[in-house]
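Here is a walk through one protein model, from its overall outline down to single side chains. Keep the structure in view as you read.

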Amino acid sequence: MKTNDIILQTATKVVLFLIVLFSIHIFFAGHYTPGGGFVGGLLTSGAIVLLLLAFDMKTVSKILPVNYIHMIAVGLLFAIGTGAGALLFNVPFLTHAFGHVDLPVLGDTSLHTATLFDLGVFLVVVGVTMTIIQTIGEDE
């Protein structure tokens, strides 16, 4: 029996957009205020779980054709790679570099290798969380 979840599905489309926008904000604000890759990843995972609640697993798989195991692997490569990259410059593991660049629209912008580390953490958190949720959800 198929249920009519039109209100939930419509609300999910709006709320999902807001959650993902806030997740991106938290991700980039994490260098100067609380947040970063972990919290941003949890918010994004929550948005995907909301999609799973509103729609079925098959529909979400068509919308987001992502292999979360590969996402975990790429995230680990980013996180370990940025940490180990410091060793190439004869500085301690996880020492991050930063600099300032003058971008045309954004003006003076600081760039950090910590952002790449946070991206790795973000991908690992989303990958692990969604792998667990999908594994539980596929059990019958």
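**Confidence and outline**

This is a predicted model. Its mean pLDDT is 89, and 97% of the residues reach 70 or more. Among the elements, helix 2 has the highest mean pLDDT, at 94. Strand 2, residues 107-112, has the lowest, at 79.

The protein holds 5 helices and 2 strands. Follow the sequence and the order is α-α-α-α-β-β-α.

Now look at the whole trace. Along its principal axes, the C-alpha trace spans about 65 × 35 × 25 Å. The radius of gyration is 18 Å, whereas a compact globule of 140 residues would have one near 14 Å. Of the 140 residues, 29% count as buried. Contacts reach across the sequence too. Take the contacts between residues at least 6 apart in sequence: 64% of them join residues at least 24 apart.

**Helix 2 and its neighbours**

Start with helix 2. It runs over residues 37-54 and has 18 residues. From first C-alpha to last it reaches 26 Å, close to the 26 Å expected at 1.5 Å a residue.

Which residues of helix 2 are buried? Among them are the glycines Gly 37, Gly 40 and Gly 41. Thr 44 and Ser 45 are buried as well. Further along come Ala 47, Ile 48, Leu 50, Leu 51, Leu 52 and Ala 54. An α-helix has 3.6 residues a turn, so residues three or four places apart point the same way.

What do these buried residues pack against? Their partners are helix 1 (6-29), helix 3 (57-63), helix 4 (68-88) and helix 5 (113-138).

Move on to helix 4, where Thr 82 is found. Is Thr 82 buried or exposed? Its relative accessibility is 13%, and buried means under 20%, so Thr 82 counts as buried. The side chain of Thr 82 reaches the backbone oxygen of Ala 79 at 3.2 Å. Leave aside residues up to four places away in sequence, and Thr 82 touches His 96, Thr 113, Leu 116 and Phe 117.

Last, turn to the aromatic rings. The protein has 2 aromatic pairs. One of them joins Phe 27 and Phe 28. Their ring centres are 4.9 Å apart, with 85° between the planes, and the pair is edge-to-face. Phe 27 is buried, with a relative accessible area of 8%. Phe 28 counts as exposed, at 52% relative accessibility.

Phe 27 also pairs with Phe 122. Here the centres lie 5.8 Å apart and the planes meet at 70°, so this pair is edge-to-face. Why does the pair tie together parts that are 95 residues apart in sequence? Phe 27 lies in helix 1, and Phe 122 lies in helix 5, so the pair links those parts. Phe 122 is buried, with a relative accessible area of 17%. Together, the ring pairs link Phe 27, Phe 28 and Phe 122 into a cluster.

Technical notes. Residues are numbered from 1 along each chain as its sequence is written. This is a predicted model: local features need pLDDT of at least 70, side-chain atom pairs count only at pLDDT 80 or more; totals for chains, interfaces and linings use all residues. Side-chain values use heavy atoms; hydrogens and water are left out. Helices (H or I, at least four residues) and strands (E, at least two) are DSSP runs, numbered from the N terminus. The expected span of a helix is 1.5 Å times one less than its number of residues. Buried means under 20% relative accessible area, exposed over 50%, partly exposed in between (1.4 Å probe, protein chains only). Contact means heavy atoms within 4.5 Å. pLDDT is the predictor's confidence in each residue, from 0 to 100. A polar contact is a pair of N or O atoms within 3.5 Å; within protein, one must be able to donate a hydrogen and the other to accept it, and residues adjacent in sequence count only if both atoms are side-chain atoms. Rings of Phe, Tyr and Trp (its six-membered ring) pair if their centres lie within 6.5 Å; planes under 30 degrees apart count as stacked, over 60 as edge-to-face and the rest as tilted. The radius of gyration is taken over C-alpha atoms; the globule rule is 2.2 Å times the number of residues to the power 0.38.
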